[in-house]
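User: I have a model open and would like to learn how to read it. Can we go feature by feature?

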Amino acid sequence: MEYDIIPDDEALSKCTWCRSHIDDQMEVLGLGAKLRPDLDLSEYESHCIQIGLVSEEKPLYMMVTTKDSEAKINGNDGMFLVCSEECGKKLKGVLENEISLGKMFETVQYG
Ligand SMILES: [Zn+2]
């Protein structure tokens with residue numbers, strides 16, 4: 001599987017869900033996802049990639065966590081940044097739906 005790498009400053013300055021601008025001053029939320037074990041994204045470690053979903057048309061930006069990062073230790077292979085609880089809820093719903101479709105993710109949690 002191949003993914004497009006999105007430059008950090010592009011991916012980290014926008015809410016994954018609504019694409020509104022986020023910055024350091026704002027309290028952003030992180031959603032973490034565990035990938036299915038057969039999905040190896042190690043070559044994308046520390047990068048933001050664009051992923052496509054089965055149940056949602058818009059592509060999402062996901063940060064692939066590095067081996068020794070806190071997120072990874074907490075079981076998150078990928079992280080999503082959202083601007084608000086509202087966006088977090090919607091994104092979580094979509095990701096949970098993806099889990100039920102069994103394509104990419106195993107679990108999703110607030111990280
Ligand atoms: Zn948002």
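Analyst: Helix H3 covers residues 85–101, 17 residues, and at 1.5 Å a residue it should span 24 Å; its end C-alpha atoms are 24 Å apart, which agrees. The expected span is 1.5 Å times one less than the number of residues. Helices (H or I, at least four residues) and strands (E, at least two) are DSSP runs, numbered from the N terminus. This is a predicted model: local features need pLDDT of at least 70, side-chain atom pairs count only at pLDDT 80 or more, and totals for chains, interfaces and linings use all residues. Residues are numbered from 1 along each chain as its sequence is written.

User: Which residues of H3 are buried?

Analyst: An α-helix has 3.6 residues a turn, so residues three or four places apart point the same way. A residue is buried if 20 or more other C-beta atoms lie within 10 Å of its own, exposed if 12 or fewer, and partly exposed in between; C-beta atoms are placed from the backbone. In H3, the buried ones are Cys 87, Gly 88, Leu 91, Leu 95 and Glu 98. They cover an arc of only 95 degrees around the axis, which puts them on the same side of H3. That arc uses directions from the helix axis to the C-beta atoms. Glu 85 and Ser 100 are exposed on the other side.

User: What do the buried residues of H3 pack against?

Analyst: Contact means C-beta atoms, placed from the backbone, within 7 Å. The partners are strand S2 (29–35), strand S5 (78–82) and strand S6 (105–110). Leu 31 touches, among others, Phe 80, Val 82, Gly 88 and Leu 91.

User: Where should I look for positive phi?

Analyst: Most residues other than glycine have a negative phi. Arg 19, not a glycine, has a positive phi near 65 degrees. Arg 19 lies in the loop between helix H1 (8–11) and S2. It counts as partly exposed because it has 13 C-beta neighbours inside 10 Å. Ser 46 also has a positive phi, about 75 degrees. Its loop runs between S2 and strand S3 (48–51). With 11 C-beta neighbours inside 10 Å, Ser 46 counts as exposed.

Methods. Two residues are in contact if their C-beta atoms, placed from the backbone, lie within 7 Å.
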